[in-house]
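Let us read some side-chain features together, one at a time.

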Amino acid sequence: MDYIKTEKKWRAAWARNKDLSFDPKSKAEKFYMLEMFSYPSAANLHLGHWYNYGLSDSYARFKKMNGYNVFQPMGFDAFGLPAENYAIRTGIHPMDSTRANIAKMRVQLKNMGAMFDWKYGVVTCDPDYYKWTQWLFLQLYKKGLAYQKDAAVNWCSGCNTVIANEQVADGVCERCSSPVIRKNMKQWFFKITDYAGELLSDLEGLDWPEKTKLMQKNWIGRSSGGEIIFTTASGESFPVFTTRADTLFGVSYVVLAPEHPLTDKLTVPACRAAVRAYQADAARVSELDRLSSVKEKTGVFTGAYALNPANGERVPVYTADYVLYTYGTGAVMGVPAHDERDFAFALKYGLPVKRVINPPDGALSELPCTSDGILTESGVYSGLTSEDARARILDRLAADGTGGHKTNYRLRDWSISRQRYWGCPIPIIHCGHCGAVPVPEEQLPITLPYDVNFTPDGQSPLLRHAGYIDTTCPVCGGPAKRDADTLDTFVCSSWYYLRYPDNKNKKAAFSKKKIDAMLPVDKYVGGAEHACMHLLYARFFTKALRDLGYLSFGEPFKSLLHQGMILGVDGFKMSKNRGNVANPDTYVSKFGSDALRLYLAFGFNYTDGGPWSDDGIKSIVKFLDRVERVAVKFLDAGDTGDGYGAAEKELDYALNYAIGAVTRDTEAFSFNTSIARLMELLNAVNKYENAPAVNAGFTRGVITDMLRLLAPYAPHFSEELFARYGAKKSVFLSGYPKVDKAKLVRDETEYAVQINSKLKARLTVPSSADNAEIERLALSDERIAPLFEGRSVKKVIIIPKRLINILV
């Protein structure tokens with residue numbers, strides 16, 4: 001078979017007939033199959049794309065053959081920093097490079113032979129798409145879920161823009177590996193923290209990898225405890241969150257984050273120089289490093305004091321970088337006797353260490369004592385257990401207005417402002433008289449101008465485009481300025497799954513009726529690296545839009561699966577710098593897309609991936625050649641036998657075993673074992689074809705079912721042979737083979753025969769034989785009887801369906 005020619009033939013046929021496309025009028029159960037869409041920052045798909053999209057498509061085809069009305073769209077996540085950085089290096093405008101890359105990648109995706117329904121595609125940099133991204137921003141803004149404030153943000157020195165907490169890894173930008181510092185800037189935020197509790201609790205009902213759910217749980221980070229308000233001599237007050245209110249009488253100092261607004265306000269003149277130097281140093285350290293348990297804890301005295309609301313004691317106020325303003329309240333209380341970090345800090349700076357918890361058994365332990373116990377030196381609470389004291393102390397503080405019970409989350413609001421050009425414009429106008437004013441919805445989209453100097457200088461490139469920035473206030477009609485920042489690209493990808501089913505809608509982002517019928521997504525496939533970014537943001541968007549009345553469901557993705565990563569031949573991540581990138585087009589042009597798809601399915605555990613090696617792809621081609629040879633042989637072969645004897649029963653058993661195994665394994669994304677079972681089935685067919693008498697009609701039926709099983713993994717190849725066998729419609733519309741369980745019950749059973757527990761022979765007996773009959777057959781068998789001739793049989797032990805042990 002000319003694989004390349006055959007694939008072109010069937011791709012054209014599928015496109016022409018549209019038999020495999022989603023049918024919105026069908027009454028069959030829908031199955032929304034979605035792969036995370038690609039970012040067109042490079043000109044070509046790499047093997048990782050192939051591994052994700054090709055094998056996910058195999059699963060989609062499997063579901064199609066099982067009667068589902070499969071919806072499998074594809075699009076491009078087209079905004080973002082890589083295209084802009086590429087433009088800065090090369091001078092090629094990001095709009096031009098992105099469009100060109102999309103055109104190339106669309107051809108590659110079509111050559112893959114996937115069932116992607118391109119009429120439902122989206123491209124996030126198209127004004128027709130980002131018009132509705134802007135509209136969604138405005139809906140969240142009206143609801144109070146989008147707001148602007150001065151905040152300490154992560155500033156990437158390489159990208160010259162703000163990046164989200166989730167995009168900082170080990171103190172550097174995950175995109176360009178440049179150092180990230182903290183600085184205060186006016187930023188737009190989404191109030192994702194309003195949904196922290198629901199984002200956490202709803203994880204339990206999701207069919208997601210447990211590791212991914214745990215990552216989100218830890219990122220959201222729920223803590224139950226209390227809030228305690230400390231007041232300074234100047235009248236300023238600040239809350240601290242703690243899970244150990246029982247240690248309140250042991251507080252000997254409090255700490256403010258270096259970036260906390262009160263840090264500057266409370267610092268006395270004599271301490272100002274030291275505090276400012278410390279703040280500057282802290283700004284150069286990533287949040288992750290600041291929170292590191294192995295980093296030495298340092299701090300500076302502000303010169304201020306605060307009052308402990310429990311006993312009125314005056315305690316010093318320090319600033320220390322192990323406290324973050326963006327986490328909790330930005331302030332903590334120091335209890336050296338009962339916290340290891342506080343103990344080390346107190347020893348370093350000569351602060352008091354006061355024991356207020358004794359072990360339950362009364363035996364004094366070394367400090368710090370971090371476990372619960374019995375309170376001491378704690379006024380009226382002395383003698384209470386830690387558990388009782390926590391509740392009573394917080395109740396008392398609540399009554400006094402100086403604290404109370406509280407649940408805290410590690411999750412922080414999502415910073416969405418980016419000081420870059422290639423992104424969705426923020427639909428806000430800033431007026432000196434009216435303040436921040438939403439762009440009227442009828443004026444959307446606010447489009448990006450093309451003629452922009454996007455060389456980064458720490459400010460948004462759009463600020464330099466007077467034609468874009470200068471505008472009129474829609475409220476008072478006076479001169480105003482557009483917001484110069486663009487949205488984080490994750491905003492665009494937080495709702496794309498909602499646009500796909502209704503992508504031609506000109507009047508709304510989507511129809512509620514249509515989306516409620518099509519979503520949630522039934523199976524979502526993509527990388528695990530998105531666990532605490534895209535996947536969390538998409539869940540937030542879905543819940544917020546539900547509460548706004550635009551959806552009737554609260555979770556976007558019912559079932560999630562992460563594919564593994566295909567590494568370079570050297571075992572490292574594929575990279576141009578390493579020279580270990582493998583181009584899938586090389587193999588497609590030489591062997592065909594089916595061979596590459598089948599090799600990726602067979603050569604790797606889908607959720608693990610592994611180092612790339614093309615050594616086995618030729619073996620896959622030989623496997624396809626063998627399938628073709630036997631299929632063609634029996635296409636016009638006459639019968640040399642028309643019975644249904646032992647040989648036919650054996651092949652029928654192999655077929656039905658394969659159907660059951662491949663069905664189960666494909667459903668579980670265990671593609672490598674599915675292909676292994678198909679190879680075993682082919683071996684069984686090859687064995688049967690060499691039998692003295694062959695039932696050709698029976699064999700053609702077996703081969704037809706084998707082609708159906710193979711079709712999701714080698715779609716063009718299987719379609720071609722299926723058509724040669726006289727099919728009038730696509731193999732993908734022919735139904736998936738079903739197991740005939742009766743064919744899995746063998747008429748005969750093979751036993752291992754031992755004499756005095758040593759294996760001597762094998763014996764086949766009727767499956768219906770009872771133990772007495774099995775014993776008679778074994779003792780009278782002409783091969784076995786001579787082995788114990790002259791000796792009396794003492795006992796025969798029979799293990800059903802496995803073993804006969806003759807003791808002599």
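Q: How many aromatic pairs does a search of the whole structure find?
A: The search finds 61 aromatic pairs. Keep in mind that this model is predicted.

Q: How do I read the geometry of the pair formed by F230 and F238?
A: Look at the angle between the planes; under 30 degrees counts as stacked. For F230 and F238 the angle is 15 degrees, so this pair is stacked. Centre to centre, the two rings are 6.2 Å apart.

Q: Are F230 and F238 buried or exposed?
A: F230 and F238 are both buried.

Q: What kind of pair do Y599 and W612 form, and why?
A: Planes over 60 degrees apart count as edge-to-face. The planes of Y599 and W612 stand at 80 degrees, so the pair is edge-to-face. Their ring centres lie 5.4 Å apart.

Q: Which parts does the pair of Y599 and W612 tie together?
A: Y599 belongs to helix α19, residues 593-603. W612 is in the loop between β27 (609-611) and α20 (617-635). The pair therefore ties together parts 13 residues apart in sequence. Y599 and W612 are both buried.

Q: Where does the charged end of R539 sit?
A: It sits over the ring of W208, 6.0 Å from the ring centre. In another case, R482 lies over the face of Y468, 5.9 Å from the ring centre.

Q: Why does D665 count as buried?
A: Buried means under 20% relative accessible area. D665 has 10% relative accessibility, so D665 counts as buried. Helix α21, residues 646-667, holds D665.

Q: Which residues is D665 in contact with, leaving aside neighbours within four places in sequence?
A: D665 contacts S670, F671, T673 and S674.

Notes
Residues numbered from 1 in each chain as written. Predicted model: local features only at pLDDT ≥ 70, side-chain atom pairs only at ≥ 80, totals over all residues. Heavy atoms only, no water. Phe/Tyr/Trp six-rings, centres within 6.5 Å; stacked < 30°, edge-to-face > 60°. Buried < 20%, exposed > 50% of the residue type's maximum accessible area, 1.4 Å probe, protein only. Helix = DSSP H or I, 4+ residues; strand = E, 2+ residues; numbered from the N terminus. Lys NZ or Arg CZ within 6 Å of the ring centre and 35° of its normal. Contact = heavy atoms within 4.5 Å.
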